[in-house]
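These are my notebook entries on one protein model. I record below what I looked up, entry by entry.

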Amino acid sequence: MKERVYSTALSTKEIANELFLLLKRKKKRISVAESCTGGLLSDALVSVPGISEVFPGGFVTYSDEMKADVLSVSKKTLQSHTAVSPEVSRQMALLTKQKANVDIALSTTGYAGPDGGTKDRPVGTVYISCAINDIVVTRSFLFDGEREAIRRKAVRNALLLAIDALSGDFD
C-alpha cells in the first residue's frame, strides 16, 4: 500500500470529517477496536455530526481478557505474541469487522507509556490495523512524546489508514 502524504495542517477533527464524508459517499460503515487509544479513536469519530449514519459503535478492550472475551482474540496469540503485536492488532480488526457487521474496521494496540514497553517494543510502539473486504493491513509506528501525544498520533494515523483503504490505496 502506498502511503499518502497529508498536510500536517489538517486537524484530527478535519481528518475524521473527511473519513465520514468518504464513508457516506461510498455507503460503507466502520467500527473500531481500541486498546492503547482507550476510546480516543471513537471520540474522534463521534465528534463529527451525523457519524451515526456510518459508525454503529466500537470496542475498548484494554486488557488481554477483554480482547479475548469481547473480541474473541485468540488466547494463544495473546500469550505467544503479547497484546502489543501486529498479530493481535490484525485479529482485533478482523474480529471487529465481523462482530460489528461493518465494511471496514480499525484497531489500535500499543505502549502509550509512561510505563510498559520492552527492549524490542519500547514505549511509543503502536500497531494499527485496518480490515476492509478480504484485506488487512497493519502498520507499525514508533511515536515519540508523552502518553497523550502518543495516543493522539495513533488516532490520527488510524483515521488516515481508513481513508487510504477506502480510497483504494491498498496494494
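**Entry 1: backbone exceptions**

In which loop is Pro-114 found? I located Pro-114 in the loop between β3 and β4. I note at the outset that the model is predicted.

The bond from Gly-113 to Pro-114 is cis, with omega near 5°. I recall that most peptide bonds are trans, and that most residues other than glycine have a negative phi.

Lys-27 has its place in the loop between α1 (12-26) and β1 (30-34).

**Entry 2: the sheet**

In what order do the strands of the open sheet lie? I read the order as β2-β1-β3-β4-β5, with 5 strands and mixed pairing. β2 (57-60) and β5 (135-142) stand at the edges with a single partner strand each, so one side of each has no neighbour in the sheet. Direction ignored, neighbouring strands of this sheet are turned by 15° against each other on average.

I recall that strands of a sheet pair through backbone hydrogen bonds, either parallel or antiparallel. I next followed two of the pairings. β3 and β4 (residues 125-132) run antiparallel and are joined by 7 bridges. In this pair, Ala-105 stands opposite Ala-131 of β4.

β4 and β5 also run antiparallel, and I found 8 bridges between them. Ile-128 has Arg-139 in β5 as its bridge partner. How many residues lie between β4 and β5 in their hairpin? There are 2 residues between the strands, and Asn-133 in the turn has a positive phi of about 55°.

**Entry 3: two helices in contact**

At what angle do the axes of α3 and α5 cross? The axes of α3 and α5 (residues 86-100) come within 10 Å and cross at roughly 35°. The crossing of α3 past α5 is left-handed.

I listed the residues that make the contact. α3 contributes Lys-67, Val-70 and Leu-71, while α5 contributes Val-88, Met-92, Leu-95, Thr-96 and Lys-99. By class, the residues of this contact divide into 5 nonpolar, 1 polar and 2 charged.

**Entry 4: the largest pocket**

I recall that rolling a probe the size of a water molecule over the atoms shows where empty space is left. In this model, the largest pocket holds about 250 Å³ of space.

Which residues lie nearest the centre of the largest pocket? Of the 16 residues in its lining, I found Ser-35, Tyr-62, Val-84, Gly-110 and Tyr-111 nearest the centre. At least two lining residues come from each of α3 (64-71) and β3 (104-110). I recorded the classes of the lining residues as 6 nonpolar, 6 polar and 4 charged.

Notes
Residues are numbered from 1 along each chain as its sequence is written. This is a predicted model: local features need pLDDT of at least 70, side-chain atom pairs count only at pLDDT 80 or more; totals for chains, interfaces and linings use all residues. Side-chain values use heavy atoms; hydrogens and water are left out. On a 1 Å grid over the protein atoms alone, a cavity is a set of points where a 1.4 Å probe fits but cannot get out, and a pocket is an open set with protein on both sides within 12 Å along at least five of seven lines; lining residues have an atom within 4 Å of a point. Grid points are joined across faces, edges and corners, and a volume is the space filled by probe spheres set on the points. Helices (H or I, at least four residues) and strands (E, at least two) are DSSP runs, numbered from the N terminus. Ala, Val, Leu, Ile, Met, Phe, Trp, Tyr, Cys and Pro count as nonpolar, Asp, Glu, Lys and Arg as charged, and the others, Gly among them, as polar. Two strands pair if DSSP finds at least two bridges between them. Axes are lines fitted to C-alpha atoms, for helices over the stretch in contact, and angles run from 0 to 180 degrees between N-to-C directions. A crossing is left-handed if the near helix is turned anticlockwise from the far one by less than a right angle, and right-handed if clockwise. Contact means heavy atoms within 4.5 Å.
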